[in-house]
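The following account is intended to be read alongside the coordinates. It moves from the chain as a whole to individual residues.

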Amino acid sequence: MTPGVPAARLRPYVRDYCGWFEHWASPLSRRELPTEIIPLIINFGAPVRIFDPNHPARWTDFDSFTTGPYDTFVLVGSSGPSGGIQVNLTILGARLFFGRPLVELTNRIVTLDDLFGRAGTRLVMELHDAPTWDARFAILDREIAVRIAAVRAPSPAVLWTWRRLMETRGGIGIGTLVDEIGWSQKHLVAQFREHIGLPPKTLARVLRFGRAVELIKTGGARLVDVANDCGYYDQAHFTRDVRAFAGVTPRELLKSLMPDQGGFSADR
């Protein structure tokens with residue numbers, strides 16, 4: 001794995017870059033959980049296999065692709081030696097980089113060709129042919145900056161709501177946001193969902209769940225303490241959210257934790 005740091009001007013929109021080449025001795029399936037991050041996968045190796053969670057024997061193979069925001073888990077597998085770059089966009093960064101409202105992409109996977117046309121193919125080829133990881137990260141800095149500068153941002157109220165949710169990790173109530181902005185709740189929810197892809201309340205739950213996942217990944221926290229530390233009303237509410245977002249119980253999720261915080265296995 002080769003990490004990359006985006007240019008300073010891109011930090012609100014891009015969390016980080018990660019270049020990789022890996023070959024597992026046996027096929028590996030991961031449970032990818034919803035977060036405030038939108039992954040953009042530039043693929044240089046075997047296709048990435050996305051399984052149907054309702055019918056795990058069915059799958060679709062993807063080369064280079066991205067997603068919209070998710071409020072559920074995804075089962076991801078390898079189909080052979082893999083390599084490429086993962087760009088971890090914030091949801092706001094994805095909204096600007098893609099140049100379209102994210103409601104069109106909620107809980108969807110879309111290829112770069114479908115999203116950007118020939119420009120997507122050109123970007124993949126340019127990144128593949130670059131001589132070093134640093135050169136690839138510089139190309140991404142340029143491409144993302146150009147696209148973000150060329151689009152019109154959502155309204156200040158939507159941006160304010162986004163920032164407040166991120167600052168509080170989902171700990172702010174919708175009523176408080178409505179009071180701060182001065183819009184009706186119905187209008188705020190509709191506009192936020194249009195641009196960000198999830199209603200504010202759902203994103204708040206995803207952010208709180210993401211904090212819980214971070215604590216679970218440490219491997220040392222008791223589940224009851226995770227629920228308390230992340231502001232869940234009780235253990236039942238915590239279990240409800242884990243089932244909704246991960247498809248398993250908190251204990252099952254903890255048991256599936258891979259070594260070195262490598263994510264969660266879907267094979268356990």
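The structure is a predicted model, in which local features need pLDDT of at least 70 and side-chain atom pairs count only at pLDDT 80 or more, while totals for chains, interfaces and linings use all residues. Residues are numbered from 1 along each chain as its sequence is written, and side-chain values use heavy atoms, with hydrogens and water left out.

The chain contains 11 helices and 10 strands; these are DSSP runs numbered from the N terminus, with helices being H or I of at least four residues and strands E of at least two. Its radius of gyration is 19 Å, close to the 18 Å given by the globule rule for 268 residues, so the chain is as compact as a globular protein of that length. Here the radius is taken over C-alpha atoms, and the rule is 2.2 Å times the number of residues to the power 0.38. Along the principal axes, the C-alpha atoms fill a box of roughly 50 × 45 × 35 Å.

Of the 268 residues, 49% are buried, where buried means under 20% relative accessible area, exposed over 50%, and partly exposed in between (1.4 Å probe, protein chains only). A contact is defined by heavy atoms within 4.5 Å. Among the contacts with a separation of 6 or more, 68% are between residues 24 or more positions apart. The accessible surface comes to about 13,200 Å², and carbon and sulfur atoms account for 52% of this area; the areas come from the Shrake-Rupley method with a 1.4 Å probe, and for residues only the protein chains shown count as cover. The chain has 32 positive and 28 negative charges, whose mean positions are 3 Å apart. In this count Lys and Arg are positive and Asp and Glu negative, with His and the chain ends not counted; each charge is placed at NZ of Lys, CZ of Arg, CG of Asp or CD of Glu.

The local description may begin with a strand residue. S82 belongs to strand 9, which spans residues 82-90, and S82 is buried at a relative accessible area of 14%. Beyond four places in sequence, S82 touches W20, F21, E22, G45 and A46. With W20 there is also a side-chain to side-chain polar contact of 3.1 Å. Such a contact is a pair of N or O atoms within 3.5 Å; within protein, one must be able to donate a hydrogen and the other to accept it, and residues adjacent in sequence count only if both atoms are side-chain atoms.

Next comes the loop between helix 1 (91-98) and strand 10 (109-111), where T106 is found. T106 is partly exposed, with a relative accessible area of 22%. Apart from neighbours within four places in sequence, T106 is in contact with P69, G197 and L198. A polar atom of the T106 side chain lies 2.7 Å from the backbone oxygen of G197.

N107 lies in the loop between helix 1 and strand 10 and is partly exposed, at 31% relative accessibility. Although N107 is not a glycine, its phi is positive, near 55°. Its contacts outside four places in sequence are P69, Y70, D71 and T72. The side chains of N107 and D71 form a polar contact of 2.9 Å, and the C-alpha atoms of N107 and T72, 35 residues apart in sequence, are 7.6 Å apart.

R169 is situated in the loop between helix 5 (156-167) and helix 6 (174-181). R169 has a positive phi of about 55° without being a glycine, and its relative accessible area of 31% makes it partly exposed. Not counting residues up to four places away, R169 touches A204, L207, R208, G210, R211 and E214. The side chain of R169 is joined to that of E214 by a polar contact of 3.4 Å.
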